[in-house]
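Visitor: Please pick one part of this model and take me through it closely, with the cut-offs behind each term. I would like to see how that part connects to what surrounds it.

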Amino acid sequence: MALMPPQDAMFLYAERRQQPTHVGGLQLFTTPEGAGPDWLSEQYWKVLEQPVTDRRFTRRARRSPTALGQWEWVDDDAFDAEYHVRHSAIARPGRIRELLALTSRLHGNLLDRRRPLWEANLIEGLDDGRFAVYTKVHHAMVDGVAAMRLLQDTLSEDPDDRDVRMPWSREIEEKESRPGPGLSPSRLFQMGYDVISDAFGVTAATVTSILRSLEEEAATLPFQAPNSMLNVPITGARRFAAQSYEIDRMLAVKNALGITINDVVLAMSAGALRNHLLDLDALPDKPLIAMVPVSLRSADEAGAGGNSVGLILCNL
């Protein structure tokens with residue numbers, strides 16, 4: 001049993017059917033030269049044979065009286081790899097549109113809290129012969145930066161390395177509290193100390209990020225967003241859309257203006273939203289406000305589990 005840090009548990013407390021708190025990623029790959037029609041099916045069975053060496057992927061979330069009602073991670077004694085890893089195919093004609101439609105349906109479903117909070121899909125059927133990997137992980141397990149590092153660690157620069165690997169097959173060092181059983185006074189004190197120190201540590205780092213943004217006149221205060229067609233209640237359904245841009249073009253803008261890639265992406269998002277609202281004759285009088293996540297991880301913590309993230313409200 002391992003107590004869940006407060007910032008990780010927050011994503012479980014906040015989750016509703018209309019507000020899923022998992023994160024997902026979609027990757028496209030070209031099959032190796034000479035791959036037959038059953039290549040991905042063969043890879044699927046190889047993936048199931050890979051040992052799950054990262055314990056985060058075999059633990060489920062639980063609340064119990066012994067943890068004073070707090071969320072904790074416990075080993076799943078009934079772990080079933082075939083439930084979490086699926087082999088799927090998209091409908092003909094097998095365009096990116098059909099792939100994104102399938103991903104939208106997969107992403108809109110809540111993860112089963114009775115099991116480890118992740119799923120992975122190997123998807124074939126694209127008319128150009130490529131295959132896709134869609135991975136869904138609950139935010140209580142990892143944040144965006146940690147998830148991207150996990151995926152990055154499964155990739156290889158060796159052209160002869162043809163097997164598909166998954167993040168859970170690599171052992172990743174993690175630090176976690178392992179309090180003993182029972183509710184002894186020392187354990188109660190340690191639980192309270194962990195909650196307070198974690199909360200204050202996150203707050204201090206977040207405040208630093210917000211102050212830096214205020215100095216750059218990028219951040220704003222709550223309740224300043226204008227009324228718009230986007231400020232409406234939403235359902236739990238999700239639509240997954242994608243667009244590709246040349247990274248060299250974005251880097252050229254970044255270097256010319258002395259800014260960051262994040263600045264470029266926010267500017268592109270602001271411009272796209274403005275044009276969309278103008279086309280619908282729905283542009284508000286004041287700028288939209290974006291809630292932007294800010295990673296608080298140091299470089300050597302990029303692959304660690306859990307969450308180390310803050311938020312700022314950014315004037316677009």
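**A helix and its surroundings**

Guide: Let's start with helix α5, whose buried residues pack against β2 (22–29) and β7 (131–138). Contact here means heavy atoms within 4.5 Å; helices (H or I, at least four residues) and strands (E, at least two) are DSSP runs, numbered from the N terminus. Please keep in mind that this is a predicted model, in which local features need pLDDT of at least 70 and side-chain atom pairs count only at pLDDT 80 or more, while totals for chains, interfaces and linings use all residues. Residues are numbered from 1 along each chain as its sequence is written, and side-chain values use heavy atoms, with hydrogens and water left out.

Helix α5 covers residues 144–152, and its buried residues are Ala146, Ala147, Leu150 and Leu151. Down the axis of α5 these buried residues fall within an arc of 135°, so they line one face of the helix; the arc is taken from the directions from the helix axis to the C-beta atoms. Buried means under 20% relative accessible area, exposed over 50%, and partly exposed in between (1.4 Å probe, protein chains only). An α-helix has 3.6 residues a turn, so residues three or four places apart point the same way.

Now for the ends. Asp143 caps the N-terminal end of α5, with a side-chain oxygen 3.4 Å from the backbone nitrogen of Val145. Beyond the helix, Thr154 sits in the loop between α5 and α6 (185–215). The side chain of Thr154 reaches back to the backbone oxygen of Leu151 at 2.6 Å. Such a polar contact is a pair of N or O atoms within 3.5 Å; within protein, one must be able to donate a hydrogen and the other to accept it, and residues adjacent in sequence count only if both atoms are side-chain atoms.

Thr154 counts as buried because its relative accessibility is 10%. Not counting residues up to four places away in sequence, Thr154 touches Arg165, Met166 and Pro167.

Val47 belongs to helix α2 (residues 39–49) and counts as buried, because its relative accessibility is 1%. The C-alpha atoms of Val47 and Ala81 are separated by 9.3 Å, although these residues lie 34 residues apart along the chain.
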